[in-house]
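Dear colleague,

Please find below the structure for your records. My notes on it follow directly after.

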Amino acid sequence: MDPVVNSSEEEIIDTTVHGPGDVEERRIVIPDELSLLPLRGTVLFPLVVQPLQTARESSVKLIDDAVVSEPRVIAVSALKDPTVEEPTLSDIYSVGVAAAIHTMLRLPDGQRMIVQGLRRIRILEAVQTEPYLRVRIAPLPDVTDWTSEQELEIEALKRNISSMFQKAVSLSPNMPDELQSVITTVNRPNILVDTIAAHLPLALEEKQDLLETVGVRERMAKLLNLLTREVELLQLGSKIQSEVRSELEKTQREYYLREQLKAIHRELGETDERTVELDELRLKIAEAKMAPEAEKQANRELERLSRMPSQAPEYTVSRTYIDWLVSLPWSVNTEDNLDIPRVRQILDEDHYGLEKVKDRILEYLSVRRFKEQGEIRHPILCFVGPPGVGKTSLGKSIARAMGRKFVRISLGGIRDEAEIRGHRRTYIGALPGQIIQAIRRAESNNPVFMLDEIDKVGADFRGDPSSALLEVLDPEQNSSFRDHYVESPFDLSKTMFITTANILDTILPPLRDRMEVLELGGYTEEEKLEIAKRHLLPKQLAEHGLKADEHISFLDDAITAITRGYTREAGVRNLEREIASVCRKVTREFAEGRTEAVKVDAERVSQYLGAPRFLHEEIKDRTSEPGVAVGLAWTPTGGEVLFIEATKMTGGKTLTLTGQLGDVMKESAQAALSYVRSHAQELDIDPSFFKKSDIHLHVPAGAIPKDGPSAGVTMTTALVSLLTGRRVKNDVAMTGEVTLRGKVLPIGGIKEKVLAARRAGLTTIILPEESRKDVLEDLPKDVQDEMSFVYVREVGQVLEAALESLT
């Protein structure tokens with residue numbers, strides 16, 4: 001039964017704990033003064049039955065006194081701050097509830113009781129503070145704040161509140177379903193609102209606000225807003241929980257199905273693909289016989305891979321890394337061919353000449369054969385020479401002779417240090433460097449490894465590859481080469497590294513110091529003839545579908561004619577091109593109906609290739625007047641003949657130098673002029689010639705840069721020839737550095753220079769005395785016998801051998 005308020009007597013009909021639907025009535029008079037019990041963290045509403053527990057000494061005293069008195073009614077109100085231990089009246093909300101104590105149970109740790117709110121009260125003032133608070137109160141009756149016309153609105157609010165509360169109860173796991181049936185038995189709006197507010201999980205401030213709102217309509221509106229918010233939160237939480245539960249159920253279902261699948265495979269004697277893949281990788285790791293550190297890293301990565309779902313982005317990265325580790329030839333090598341005569345035979349089959357290189361390889365293999373125990377340091381060879389002399393093909397021949405695998409990488413244009421050491425695995429698409437990649441391609445840890453064009457390695461903001469090569473090409477360090485991708489040391493000490501270069505100047509000095517330099521000079525005409533007959537002709541005939549004797553045959557004079565008149569090079573590349581041109585023309589003749597074999601001689605060469613591009617008569621023509629001398633120059637592509645022309649004109653004390661000369665060559669010209677001026681009387685030259693004349697020195701082929709000190713004697717000879725009127729002999733060439741004292745100093749590139757002079761038809765070469773050893777060691781015996789060499793120490797000897805006598 002709903003409570004009935006009698007304003008004249010301040011008494012109330014109390015409903016017992018049976019609840020609003022089943023009540024037992026007794027009339028309770030609420031006094032003007034009540035003992036005040038502060039509530040910590042909760043709010044009691046009218047007509048709501050609620051269990052309470054007290055432990056504070058003052059509160060225990062208050063309850064003891066209240067239960068032995070009549071009408072067993074106390075005032076209860078919430079603490080503003082639940083942490084306050086000894087509250088005063090200012091710490092307690094001024095609006096509370098008069099409550100009746102139904103039962104009380106004394107326990108060792110305090111008291112437990114069941115109370116029921118009776119009605120709202122306002123606390124006016126304290127009349128007692130010790131041993132507990134007693135206050136004067138005033139009742140707060142519910143206010144009917146609506147008109148008769150608004151009855152429908154109140155009914156709508158009531159139904160909405162009931163509906164929303166029922167929805168909240170159904171969604172909340174903390175509210176029992178019985179609350180839905182309790183709400184349906186309450187008809188009074190004020191009791192409905194208070195009952196629902198007491199059971200909602202609202203904040204203390206929100207519940208206190210509802211308690212302090214005496215207008216029923218206003219209270220219903222506030223409660224509906226709070227209910228709506230609470231239902232939305234419960235729906236969102238239910239949705240999240242449902243999604244999580246669904247995902248968990250899906251995961252558990254997948255796990256369960258996988259376990260079932262594994263069990264089925266086990267029963268059938270089969271295994272799933274993932275297990276097979278991991279077992280294969282584990283077997284490959286065991287069979288690879290890696291270094292201990294690498295094997296530990298591989299097993300660690302495999303363990304990580306086994307716990308990773310195959311759909312994960314990292315799965316492919318880890319799998320690729322393990323594949324690289326197991327595919328490297330950690331313990332795979334080839335047996336060296338230590339049959340020295342057989343190795344010599346293979347080297348001679350593949351290349352004609354190149355005795356120094358062949359001897360070095362045979363010496364290394366001889367040591368391998370003789371030394372049966374201990375480590376043998378592999379040589380780091382560097383082949384230096386002009387293009388076309390067979391540096392790269394020589395590396396392949398060495399590998400074939402030794403019975404090793406051959407791999408090659410070109411370093412020309414490489415500017416990124418990662419090309420050598422690889423990228424770290426943190427980068428997308430990371431791979432090992434070219435060194436490790438080539439070792440993997442070789443499928444052996446002791447191949448012949450050729451690093452081509454090492455003189456053309458660059459450097460920029462990405463690093464210096466030359467510095468990275470310092471470790472690779474150092475026998476003391478490359479036994480533990482660490483690639484950034486592999487991250488484990490790989491032994492490169494069994495690999496035979498061969499590098500190639502055209503010049504040494506551009507190679508990093510510490511890198512050059514690690515290599516054993518073997519210079520490959522240009523070929524003589526006789527060597528080119530043999531190379532053409534043994535290698536170039538068979539290769540070109542096969543490429544053009546021609547057969548020797550049946551279609552074409554080359555005479556020796558034809559090859560010599562091509563070498564002299566159509567090529568002027570240290571190697572044989574252009575010679576091969578010209579032979580290929582002759583073969584193409586012969587092939588065309590047969591395609592057009594020719595049936596007889598073609599015998600190619602010197603005359604046919606001119607028919608097929610046209611007029612010769614290089615003539616020996618050029619030197620005789622250009623040295624027919626005084627002031628022109630023939631020098632010799634070294635270039636990365638071989639030796640070249642160099643003309644130096646001198647002339648004088650009216651003027652005074654001016655030396656003009658043209659022909660795109662470098663600083664060193666300009667200084668040589670100044671030194672030559674100073675020598676001539678200081679020895680003018682000895683040379684029968686007017687000492688005052690420089691006062692009355694301007695001197696102009698020119699080196700033709702002005703578009704080509706020229707530099708170096710070796711043209712010093714040639715410039716001196718040209719100046720003396722000009723000033724004395726004596727011509728330079730037309731079969732003489734010279735090279736050497738000159739000092740102010742007239743000394744002739746040694747220079748390099750002797751073999752290339754001598755062969756260039758021989759190709760140009762010159763027969764006498766003037767060289768520094770210190771270069772005699774280079775001639776004896778580097779030049780073939782037939783070239784030494786064919787040509788005349790004049791070795792000099794002073795400029796006077798040069799002039800005597802180079803200038804004609806005055807007639």
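Leu47 is found in the loop that runs between strand E4 (33-39) and strand E5 (49-54); strands (E, at least two residues) and helices (H or I, at least four) are DSSP runs, numbered from the N terminus. Although Leu47 is not a glycine, its phi is positive, about 65°. Leu47 is buried, with a relative accessible area of 13%, where buried means under 20% relative accessible area, exposed over 50%, and partly exposed in between (1.4 Å probe, protein chains only).

Please note that this is a predicted model, in which local features need pLDDT of at least 70 and side-chain atom pairs count only at pLDDT 80 or more, while totals for chains, interfaces and linings use all residues. Residues are numbered from 1 along each chain as its sequence is written, and side-chain values use heavy atoms, with hydrogens and water left out.

A positive phi, near 55°, is also found at Gln660, a residue other than glycine. Gln660 lies in the loop between strand E21 (654-658) and helix H22 (663-678), and is partly exposed, with a relative accessible area of 42%.

One joins Glu70 and Pro71, with omega about 15°; Pro71 sits in the loop between helix H1 (57-67) and strand E6 (73-78). Another joins Glu130 and Pro131, with omega about -5°, and Pro131 belongs to the loop between strand E8 (110-128) and strand E9 (134-139).

Strand E10 (381-384) is among the elements that cover the buried residues of helix H12, as are helix H10 (340-350) and helix H11 (355-370); contact means heavy atoms within 4.5 Å. The buried residues of H12 include Leu394, Ile398 and Met402. Gly403, which follows H12, has a positive phi near 75°.

From E10, Leu381 and Phe383 point one way and Cys382 and Val384 the other, and all are buried. E10 pairs in the parallel sense with strand E16 (residues 516-519) over 4 bridges, and with E15 in the parallel sense, also over 4 bridges; two strands pair if DSSP finds at least two bridges between them. Val384 stands opposite Glu519 in E16, and its bridge partner in E15 is Ala501.

Finally, the axes of helix H17 (residues 525-543) and helix H18 (residues 556-565) come within 10 Å and cross at roughly 115°. These axes are lines fitted to C-alpha atoms over the stretch in contact, with angles running from 0 to 180 degrees between N-to-C directions. Residues making the contact include Leu529 and Leu537 of H17 and Ile559 of H18.

Yours sincerely
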